[in-house]
Amino acid sequence: MRRPFVAGNWKMHGSRAENAQLIEALLLGLPAQPVAEIAVCPPFVYLWEVGRLLKSSSVVLGAQTVCAEPLGAFTGEVCAAMLKDVGCSYLIVGHSERRGIYKEDDALVARKFMSGQSAGLIPILCVGETLDERDSGATTAIVSRQLNAVLDLAGVGAFANAVVAYEPVWAIGTGKNATPQQAQEVHAHIRSAIAARDAKIAADLRILYGGSVKAANAREIFSMPDVDGGLIGGASLKADEFLKICAAAQVH
Ligand code: PGA
């Protein structure tokens, strides 16, 4: 049985005051033992303080990216051991904004995945196609290519301790979510690609959907058999929306 997982990707949003308000509202609104595991991923500079605010709650902390190198002269970068040191459990890698805006290619994403995992973080590997790629029928080929880059470097065993997030680029921040059927189709493809290498790891792997998830569509999307929760952007900044999304995540 896969425990559902809902992670809030705050992106470059928040302030110390706003974060404190948001966390307070989340902790007030969440049951003591939520069905879903819940994570928030604030910007680097707020990780430590948000981690303190979450202390003694069941909500865990994640980071939005990492330097692929373990330590050294890399001005401006943050390595995985530091993220672990300030209390992170999870690490998002390969988000489409990193791939698109910062030109992170599959090989770099795979190195970041490995670097996070070696420091004891659980990577949330994001994959997903652009609208052009979907329109040209390349969705599964793109997702396979992105997955294979990590599988080839890290091995299928690494997915025993990782999460995959399917995030169609055309659905991110656009208000245009994938239909539950579209999500299910790609999630099933991801699970079968992992199953081709290891059936048990595939059966236990949590695959999240991300892209314009909100309170109004979460239940429908999360009810699909291969959707194990969500990676939530905009709606994770509003406590009431995020709480409803967390409540919509059910055990499969
Ligand atoms: P969105 O972003 O929920 O605002 O569409 C999702 C994401 O980028 O992870």
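## Ligand contacts

S212 places a backbone N or O atom 2.7 Å from an oxygen atom of the ligand, a polar contact being a pair of N or O atoms within 3.5 Å. In the side chain of H95, an N or O atom is 2.6 Å from a ligand oxygen, and a polar backbone atom of G234 lies 2.8 Å from an oxygen atom of the ligand. The protein covers 95% of the 280 Å² of accessible area that the ligand has on its own (Shrake-Rupley method, 1.4 Å probe).

The model is predicted, with local features needing pLDDT of at least 70 and side-chain atom pairs pLDDT 80 or more, while totals for chains, interfaces and linings use all residues. Residues are numbered from 1 along each chain as its sequence is written, and side-chain values use heavy atoms, without hydrogens and water.

## Ligand shell

Around the ligand are 13 residues, of which K11, H95, E167, G173 and S212 come nearest (a heavy atom within 4 Å counts as near). The shell has four nonpolar, seven polar and two charged residues, with Gly counted as polar and Asp, Glu, Lys and Arg as charged.

## Ring and charge

The charged end of R52 sits over the ring of W48, 4.2 Å from its centre (cut-offs: CZ of Arg within 6 Å of the ring centre and within 35 degrees of the ring normal).

Technical notes:
A polar contact is a pair of N or O atoms within 3.5 Å; within protein, one must be able to donate a hydrogen and the other to accept it, and residues adjacent in sequence count only if both atoms are side-chain atoms.
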